[in-house]
Each structure stands twice: as C-alpha cells, then as structure tokens.
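I opened my notebook and went through this structure piece by piece. Here are my entries, in the order in which I looked things up.

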Amino acid sequence: MGQALCICSRSAITIDNKRYYFLQKLEEGGFSYVDLVEGAHDGRFYALKRILCHDREARKEAQTEVEMHRLFNHPNVLSLTAYTFMERSGKCEAWLLLPYISKGSVWSVLEKLRDKGSFMPESRILHILHGICEGLKAIHDKGYAHRDLKPTNVLLDENDRPFLMDLGSMNKARIEVRGSREAMTVQDWAAQRCTISYRAPELFNVESHCIIDERTDIWSLGCVLYCMMMLEGPYDLIFQKGDSVALAVQNPVSIPQPCSYSPELQTLLSSTMVTNPQERPRIGWVLDQIKSLRGSDGTDIDTNRV
Ligand SMILES: Nc1ncnc2c1ncn2[C@@H]1O[C@H](COP(=O)(O)OP(=O)(O)OP(=O)(O)O)[C@@H](O)[C@H]1O
C-alpha cells in the first residue's frame, strides 16, 4: 500500500503493480475529484479520490485522511485499498483508491425519494442508522471523532449497509480548550472542516475553557436522522436563506407535525439534538435505543416501498 503509482495511459493507472481503468467521473468538488475505475486484475469497481494539495497544510490534511482510514477495519467505515501522493510539475495530488459503494450517498438516496414524492420507511431509517452508529462507535472507541458526519458522507451499498467516509476532518475526540486563543483556533478549524448545517452548537462559539468531545458527532447524527425523516437537514433551509445557523442551534429542534414516524423515533431524535454537549448522550446509549426500537432480531428492514 502506498507504493509506486503511475499513469500508464490516458485511461489507466497502476497502483501497487495493479492496473485500474478509468470508467467515468463520479464527483467534482473544489479541491477533489472522484472517478469510477475498474481493477484489471479483479474486475471490481473502485472510487479514485484525487485531492489537490495546494500547499503543505493541504498535503498534511490528506495524509491525515489516509492515516484515519488505515486506523479502522470495520464493516461500517470505508476502507482504503491503496493510496499515493503524486508530485507533478511542482503540484501535489493525494490519490486515494477506495472500494466503490454502488448506491451512492444517503443524500442521493434521499434526493431520489423526494423527487418521487416518497419517503423513507421507519424500518429502513433504523437499519441505516444502526450501521452508522456501529461505525461511529468504532471511531469513538478508538478515541477519535468524525467531525463531519452528514448525509453526503455516508455511502450505502446494495443492501443498504452504510459506510462512513470522508475521514479528512477526523481528529482526537477530546479537545481541551485552555484560553481564548485556543478557543479561537478550534472555532476557526471547525468553521473550515465541519459542515455548517451539521455542526454541533459548541463549535460555533467555542468557550475559553471547555472540553470538546466526540459528542459533536452525536449532534450531527441527530441531523442525519432528521434528514432521513424529513428528506432535508434541520438547518438546510436556514442556511439557504442566509439566516444564522449558530443562533438556530441554540433552540430545541422542532419536529414538523403531524409526523408519521413513531413517537419513540421522534424522542430519539430530540435526545441526540441537545444543545448542551454535557447533556447529550454518547454513542453506546444511542445504539441501545436503536436496538430496542428495532426489536431483538434487528431484521425489520423493508425497502420495498422505495
Ligand atoms: N467509495 C465511493 N463509492 C461511491 N461513491 C463515492 C465514493 N467515494 C466518494 N464517492 C462520491 O463522491 C462524493 C464526494 O466524496 P468525498 O466526500 O470523499 O469528497 P470531498 O471532496 O471530501 O467532498 P466534501 O468536501 O463535499 O465532503 C461522495 O458524496 C460520493 O457521492
């Protein structure tokens, strides 16, 4: 892993002596591109994420993303098949080769449901949420936090198994803030790395003396749950209108009524989206709630309606 990778023709690359053929573009962002490629040796599909590292800091961040992937070997955390750093004409690109996850992101699934005027059944929400929580637990148990959990950063395979991805914002779960300068550093970092409409309240105005922990992810998890229920994030509209998300997250989340989901699921949502991080539950508690909502066998998935 991480050894020689070179371009052998316009449409093929070689990674660790294995050839991959370019098939099509999947996504194009400000500083990264994701392409679909096929392994010549195994006929499998992979996603090749290329991150443009415009300076030393960006290169360090890409290196962190690689290292975070390599920390985990869990069915709900996306693995890294191979990687390399390409240096060409003074420019650097980090290339991450990832298994291709066929159904795309949770967000793209929700968009399709919205376009059809449909919705996500509760059993399917619980199934997906369960997998997301298992992945988060693996991350939290190792002392890390994801910090950018959102529906575009969760991929689904053909069986609706979720994979947490985009580990570039991940860092140590416990951040001790001592003084206003450190508080400002954390706040500036969060403004850059944690998507605003899924960002935990304590990251908007970081207090001078406080502990930030992995419960920032529990807030984002609540926003993801809301999104699966309502087909849009709780603060998407506020952000789109140009209103203050920082202010909105200070109030208890309001669940549009009438709501067709069970009161238990609504309670779970409210329990995760608690403004005060000290009153927010940890992932183990959330998992227990989901298990009891799903019943002991956990086989309640019903995807026929979507
Ligand atoms: N392994 C994969 N399988 C299938 N699709 C993928 C895969 N990796 C990435 N994608 C697609 O590419 C999109 C962008 O990927 P990713 O989030 O890693 O890039 P990014 O530049 O960090 O994006 P952002 O900064 O917007 O979060 C995903 O939302 C997904 O649609």
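**Helix α8 and its cover.** I looked up what covers the buried residues of α8, and the cover includes α3, α5 and α9. The buried residues in α8 are Leu265, Gln266, Leu268, Leu269, Ser271 and Thr272. I use buried for under 20% relative accessible area, exposed for over 50% and partly exposed for anything in between, with a 1.4 Å probe and protein chains only. Helices are DSSP runs of H or I with at least four residues, strands are runs of E with at least two, and both are numbered from the N terminus.

**Ground rules.** I noted that this is a predicted model, where local features need pLDDT of at least 70, side-chain atom pairs count only at pLDDT 80 or more, and totals for chains, interfaces and linings use all residues. Residues are numbered from 1 along each chain as its sequence is written, and side-chain values use heavy atoms, with hydrogens and water left out.

**Confidence.** pLDDT is the predictor's confidence in each residue, from 0 to 100. I found a mean of 92 for the protein, with 93% of its residues at 70 or more. Over residues 301-306 the pLDDT is below 50, and this stretch has 17 contacts in the model beyond near neighbours in sequence. A contact means heavy atoms within 4.5 Å. I reminded myself that where pLDDT is low, the predicted coordinates should not be read in detail. The model's scores are ipTM 0.94 and pTM 0.91.

**Helix α3.** Next I took one of the helices that cover α8. α3 spans residues 122-141, and its 20 residues reach 27 Å from first C-alpha to last, close to the expected 28 Å. That expected span is 1.5 Å times one less than the number of residues. I counted 16 of the 20 residues as buried, so α3 is mostly covered. Just after α3, glycine 143 has a positive phi of about 85 degrees.

**Strand β5 and its partners.** Is β5 enclosed or open? Of the 9 residues in β5 (residues 45-53), 7 are buried, so the strand is largely enclosed by the rest of the structure. β5 pairs with β4 (residues 32-39) in the antiparallel sense over 7 bridges; two strands pair if DSSP finds at least two bridges between them. Glutamate 38 stands opposite phenylalanine 45 of β5. The β4 and β5 hairpin has 5 residues between the strands, and glycine 43 there takes a positive phi near 70 degrees. β5 is also joined to β7 (residues 91-99) by 8 bridges, again antiparallel. Here arginine 50 has tryptophan 95 in β7 as its bridge partner.

**Strand β12.** β12 runs antiparallel to β13 (residues 209-212), with 4 bridges between them, and valine 177 stands opposite cysteine 210. Arginine 178 counts as exposed because its relative accessibility is 53%. Leaving aside neighbours within four places in sequence, arginine 178 is in contact with Ser208 and His209.

**The ligand.** Which residues are closest to the ligand? They are Ser32, Lys49, Pro99, Ile101 and Asp166, out of 16 that surround it, where near means a heavy atom within 4 Å. I then listed polar contacts, which are pairs of N or O atoms within 3.5 Å; within protein, one must be able to donate a hydrogen and the other to accept it, and residues adjacent in sequence count only if both atoms are side-chain atoms.

- A polar side-chain atom of aspartate 166 is 2.7 Å from a ligand oxygen.
- A polar backbone atom of isoleucine 101 is 3.0 Å from a ligand nitrogen.
- A side-chain N or O atom of asparagine 153 is 3.3 Å from a ligand oxygen.

Most residues other than glycine have a negative phi, and most peptide bonds are trans. I noted aspartate 16, with phi near 45 degrees, in the loop between β2 and β3. Leucine 231 has a positive phi of about 65 degrees, and at 8% relative accessibility leucine 231 counts as buried. The peptide bond from glutamine 257 to proline 258 is cis, with omega near 0 degrees; proline 258 sits in the loop between α7 and α8.
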